[in-house]
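Here are my notes on this one, jotted down while going through it. Have a look at the model first, then read on.

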Amino acid sequence: PEVPTLLDDMAARTRELLEARGIEAPIVVGIHSGGVWIAEHLRERLGIQRPLGKLDISFYRDDFSRIGMHPQVRPSELPEDLDGEHVLLVDDVLYTGRTIRAALNELFDWGRPASVSLVVLVDRDGRELPVCAAVAGAHMELGLAEQIKLRGPEPLSLERVAVEPP
Ligand code: 5GP
Ligand code: MG
């Protein structure tokens, strides 16, 4: 993927989405940890003044072992009550969809949003739940023994790597 332009492109397409839906002041919420810097970038690009929300889904995700993740416990930081708010939910990679399912669970503990739109840097195939991104910077098809390695934001690099045995 052409990494230098991905984030700009995501911001432009998110702006179009907000305009089409008549949404003026969404709350941007990044999923800890990979989604947070992307969310902050997006918030700045869109000129959104409201503080960034951060979500930790460690307690909610129903399948930690798949990607060899050791869950970290961090409190969620959401700026305010989400009742009636439009939320831009941001993560780095969308894969099975389980993290997003878990994130929605937690979001709804903070109120009932008017809408939630998903923005991801990479849409990776392999969905196990009915989740799709409204905006994705890139689409990648990977084998089961491959993963996307991300570094960012300056410089942003996106590489395909073999999964190392545990
Ligand atoms: P899912 O829950 O959709 O299976 O996986 C999404 C979550 O796992 C994301 O929050 C992301 O951080 C992580 N993830 C899944 N696949 C990859 C990958 O190939 N590379 C990286 N860096 N993270 C991944
Ligand atoms: Mg993650």
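1. Let's start at the ligand. A backbone N or O atom of Tyr95 sits 2.9 Å from an oxygen atom of ligand 1, a polar contact here being a pair of N or O atoms within 3.5 Å. Gly97 also uses a backbone N or O atom, at 2.8 Å from a ligand 1 oxygen. With Arg124 the side chain takes part: one of its N or O atoms is 2.9 Å from an oxygen atom of ligand 1. On its own, ligand 1 has 500 Å² of accessible area, and the protein covers 88% of that (Shrake-Rupley method, 1.4 Å probe).

2. Before going further, the ground rules. This is a predicted model, with local features needing pLDDT of at least 70 and side-chain atom pairs counted only at pLDDT 80 or more, while totals for chains, interfaces and linings use all residues. Side-chain values use heavy atoms, without hydrogens and water, residues are numbered from 1 along each chain as its sequence is written, and chains are lettered from A and ligands numbered from 1 in the order written.

3. Who lines the site? Ligand 1 is surrounded by 13 residues, with Asp91, Thr96, Gly97, Thr99 and Ile148 the closest (near means a heavy atom within 4 Å). By type, the shell splits into four nonpolar, four polar and five charged residues; Gly counts as polar, and Asp, Glu, Lys and Arg as charged. Strand 3 gives the largest share, three residues.

4. Five strands form an open sheet in the order 2-1-3-4-5, with parallel pairing (pairing takes at least two DSSP bridges). Strand 2 (53–55) and strand 5 (135–140) are the edges, each pairing on one side only. From one strand to the next, the twist averages 25 degrees. Strand 4 (residues 115–124) is joined to strand 5 by five bridges, and His139 in strand 5 is the bridge partner of Asp123.

5. On the helices: helix 3 packs on the sheet, touching strands 1, 2, 3 and 4, at about 150 degrees to strand 3. Helix 2 (residues 34–46) lies across strand 1 (27–31), strand 2, strand 3 and strand 4, at about 130 degrees to strand 3. Contact means heavy atoms within 4.5 Å; angles, from 0 to 180 degrees, compare N-to-C directions of axes fitted to C-alpha atoms.

6. Please check the peptide bond between His32 and Ser33: the model has it cis, with omega about -5 degrees. Ser33 is in the loop between strand 1 and helix 2.

7. Last, the hairpin. Five residues link strand 6 to strand 7 there, and the two strands pair antiparallel over six bridges. Arg151 stands opposite Ser157 of strand 7.

How values were computed. A polar contact is a pair of N or O atoms within 3.5 Å; within protein, one must be able to donate a hydrogen and the other to accept it, and residues adjacent in sequence count only if both atoms are side-chain atoms. Helices (H or I, at least four residues) and strands (E, at least two) are DSSP runs, numbered from the N terminus.
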